[in-house]
Amino acid sequence: MNHENSHKHGNCCHNEKPMGQHKHHPPKISQDVKITADTIFTCPMHPEVRQMGPGHCPICGMSLEPLVNTGEVDTTELKDMTKRFWFAAAFSVPLFIGEMGAHFFGTRSIPSLFQFALAAPVCLWSAWPFYVRAVASVKNRNLNMFTLIGLGVSVSFVYSVVAVFLPDIFPSSFREHHGNVAVYFEASAVIVALILLGQVLELRARNQTGSAIKKLLGLSAKTALRITSQGNEEEVDLNDVIVGDILKIRPGEKIPVDGIVVSGRSSVDESMISGEPIPVEKQEGSKVVGATINGTGSLTMRAEKVGADTLLSRIVTMVSEAQRSRAPIQKLADKIAGIFVPLVIVASILTFVAWAIWGPDPRMAHAIVNAIGVLIIACPCALGLATPMSIMVATGRGAGMGILFRDAEAIEVMREINLLVIDKTGTITEGRPKVVSVIESSGFTKDDVIQYSASLESHSEHPLAVAIVQKSQDLKINHYQVEEFDSVTGKGVRGRIQNQWAFLGNQALMDDQKIDFGPLQDKANELRLEGQTVMFVALGGKALGLIGVTDPIKETSIEAIKKLHEEGLKIVMLTGDNTKTANFVANKIGIDEVVADVLPDQKMAAIEKYQKEGYVVGMAGDGINDAPALAKAHVGIAMGTGTDVAMESAGVTLVKGDLLGIAKARELSTLTMKNIKQNLFFAFLYNVAGLPIAAGVFYHYGLLLNPMIAALAMSLSSVSVITNSLRLRTSKL
């Protein structure tokens, strides 16, 4: 049977990695993966770093995270850092109060040995992780914030220890006017406490960004009711379900895995994947998705996708990958940090030299304190957090809205799109043909046309045949028994119904049978101009009527195109469908340009052409034939209602399959990049403004930065970046 519209179909499969994406993909997760010593860990800022078990990045010193996000939050380091912080606070607070009292209120200073007793546990135990990372940064030749912290704390503490136990080795330039060598135990201890506080806040924030994944995983069922080959029912763990298993879903239960209904009828709440509150009717042949909730009826289903292959698991994996990925702007931050740290060390040395030569007495004491202040104030920890924090929060926010970003690059580029290429079937349209016109010949009724047509098409699995059969079911029209059914290649089908030959197909089939449709021919042409596929129906050598089938335009498509036009985007329809149908749809919804009758490789060539013309191209599609174009575009946008291979090839997946999601994704992209730039501003504001003050440039104006204040400012810069990033969770879209 020859149908005029082309439709896209295909089994689930995996495509090659799209251009511009990371080459390595973490393994898909199962339902309850646990973090063990064998779990692969990676760095959020440097994805090339991988190792078995937890640890720290040899490049930036950040804590590594599991490569596969299971939603299980590993709080080991948070607990350790929290314990070290409270320990440091318990010792440094009395030390700080005692010394500040002596400075500001003229009270007696705490004896040096007592200061040492309070500071030593903090600087030797609480600060130990910083020393480890500082040494690693020097060994790996990747100087980072821990290099500066390790240097600052160790120099001030060691200097003070020597001043207490070997004061006679210091020359007069180190001594105060009373002849004593000043100690800075309170500075080193308080610095450690403040930096630990910053680490605790950072780790808590990073754990919060995983809440989206934890919520997603919490949606899945824990067990399934399997029907054995003997017909018995047994409750099994979800991980024990395999493809092909027959499962029973009782009223109110969660659908355990993705599959197809084999018997029963019910309504299912699919708001988890679609956002729509109205339950969807399910019957034999309907697809069901794991973690959606069954209504009042009972269903029996066959498992088709289990474990890591279910839609829920794929969503979790995509969110996990995106949260760990880096935006191109992060490369700028990394480059700046790589230059910044060595410059800070040089600035610290120059500060020491300048104060040692030209500073007031005690010159050497001032030199050491100000050099330490420079090291601490300039720590680029906020700079390192600026981009990853925003990306992690944004991907979690997007997931809650049904917008899944594969990586940070997709978030950054999404807002820059100025040309959007859209596939027709399944993207603009629903992708499911429906009968929209029934024209009867004289002497027959519309029900007659549907009844004979559906009787013939009940023997076919073609999408247009399914549409006709569905129409008969909607109208509750019974089918006739068909004898001698036959398919005529390229033309249609035929069969004997109540001892008469019935035919359904195209014009060529009717011409072969010399059946004249008379005035119905003009009506057929009118339906074609409206983008409908027309099928002729005949019975006993006479015209019975016409059936017009079309793929309905999604209700939201017109609104989405209007919104995207308002944002200044040029919209192009790129479709394998015929030009006549494509132009009809394009004119109806306001598409700027149409490219029709294209094959998958021609779609990719069209994308390349627009890119050469200077456009930043976004491509939205849902089928296997869209995959090359999705991969080629600057940002590929897959409809979540489409094929797996389309989603694998895209940078963004719209779970709801709604073009309005593109406008939301662009808005979230714009907000995220604005947030990142704000973070970078906060990070540089503290570093750049604090550096000359810490170096003592404004000393003659009475402005000198104590290392403790420097540590507080450095911690505040990290807190401000974290707080600003978390604002994305509630930003209005």
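In which helix does Gly152 lie? Gly152 belongs to helix H4, which covers residues 145–165. The model is predicted. Its protein chain contains 24 helices and 25 strands, and 55% of its 733 residues count as buried. Of the contacts between residues at least 6 apart in sequence, 69% join residues at least 24 apart.

- Gly152 counts as buried because its relative accessibility is 0%, below the limit of 20%.
- The C-alpha atom of Gly152 is separated by 9.9 Å from that of Val192, a residue 40 places away along the chain.

- The buried residues of H3 are Pro129, Phe130, Tyr131, Arg133, Ala134 and Ser137.
- In an α-helix there are 3.6 residues a turn, so residues three or four places apart point the same way.
- Helix H2 (residues 112–126) and H3 have axes that come within 5 Å and cross at roughly 45 degrees. This angle makes H2 oblique to H3.
- The contact between the two helices involves Cys123, Leu124, Trp125 and Ser126 on the H2 side, and Trp128, Pro129 and Tyr131 on the H3 side.

**The six-stranded sheet**

- Six strands form an open sheet in the order S5-S4-S6-S12-S7-S10, and their pairing is antiparallel. Strand S5 (233–237) and strand S10 (287–288) are the edge strands, each pairing on one side only.
- Strand S4 (residues 223–227) runs antiparallel to strand S6 (residues 246–249), and three bridges join them.
- Within this pairing, Ile227 stands opposite Ile246 of S6, while Arg226 has Leu247 of S6 as its bridge partner.
- S6 also pairs with strand S12 (residues 299–305), in the antiparallel sense and over four bridges. Here the bridge partner of Leu247 is Met301 in S12.
- Which residues form the covered face of S6, and which the uncovered one? Leu247 and Ile249 make up the covered face, whereas Ile246 and Lys248 make up the uncovered face.

**The seven-stranded sheet**

- A further open sheet has seven strands in the order S13-S25-S24-S23-S14-S21-S22, with mixed pairing. Strand S13 (403–405) and strand S22 (593–595) stand at its edges with a single partner strand each, so one side of each has no neighbour in the sheet.
- On average, neighbouring strands of this sheet are turned by 20 degrees against each other, direction ignored.
- Three bridges connect S13 with strand S25 (residues 652–654) in the antiparallel sense, and Ile403 stands opposite Leu654 in S25.
- Strands of a sheet pair through backbone hydrogen bonds, either parallel or antiparallel.

**Gln611 in helix H20**

- Gln611 is located in helix H20, which covers residues 600–612.
- A polar atom of the Gln611 side chain lies 3.0 Å from the backbone oxygen of Lys632.
- Leaving aside residues up to four places away in sequence, Gln611 touches Val617, Lys632, Ala633 and His634.

**Loop residues with positive phi**

- Lys476 is a residue other than glycine with a positive phi, near 55 degrees. Its place is in the loop between helix H15 (463–474) and strand S16 (483–488).
- Is Lys476 buried or exposed? Lys476 counts as exposed because its relative accessibility is 72%, above the limit of 50%.
- Asn499 is not a glycine, yet its phi is positive, about 65 degrees. The loop that holds Asn499 lies between strand S17 (492–497) and strand S18 (500–505).
- With a relative accessible area of 64%, Asn499 is exposed.

Definitions and conventions:
Residues are numbered from 1 along each chain as its sequence is written. This is a predicted model: local features need pLDDT of at least 70, side-chain atom pairs count only at pLDDT 80 or more; totals for chains, interfaces and linings use all residues. Side-chain values use heavy atoms; hydrogens and water are left out. Buried means under 20% relative accessible area, exposed over 50%, partly exposed in between (1.4 Å probe, protein chains only). Two strands pair if DSSP finds at least two bridges between them. A polar contact is a pair of N or O atoms within 3.5 Å; within protein, one must be able to donate a hydrogen and the other to accept it, and residues adjacent in sequence count only if both atoms are side-chain atoms. Contact means heavy atoms within 4.5 Å. Axes are lines fitted to C-alpha atoms, for helices over the stretch in contact, and angles run from 0 to 180 degrees between N-to-C directions. Angles under 35 degrees count as roughly parallel, over 145 as roughly antiparallel, 65 to 115 as roughly perpendicular and the rest as oblique.
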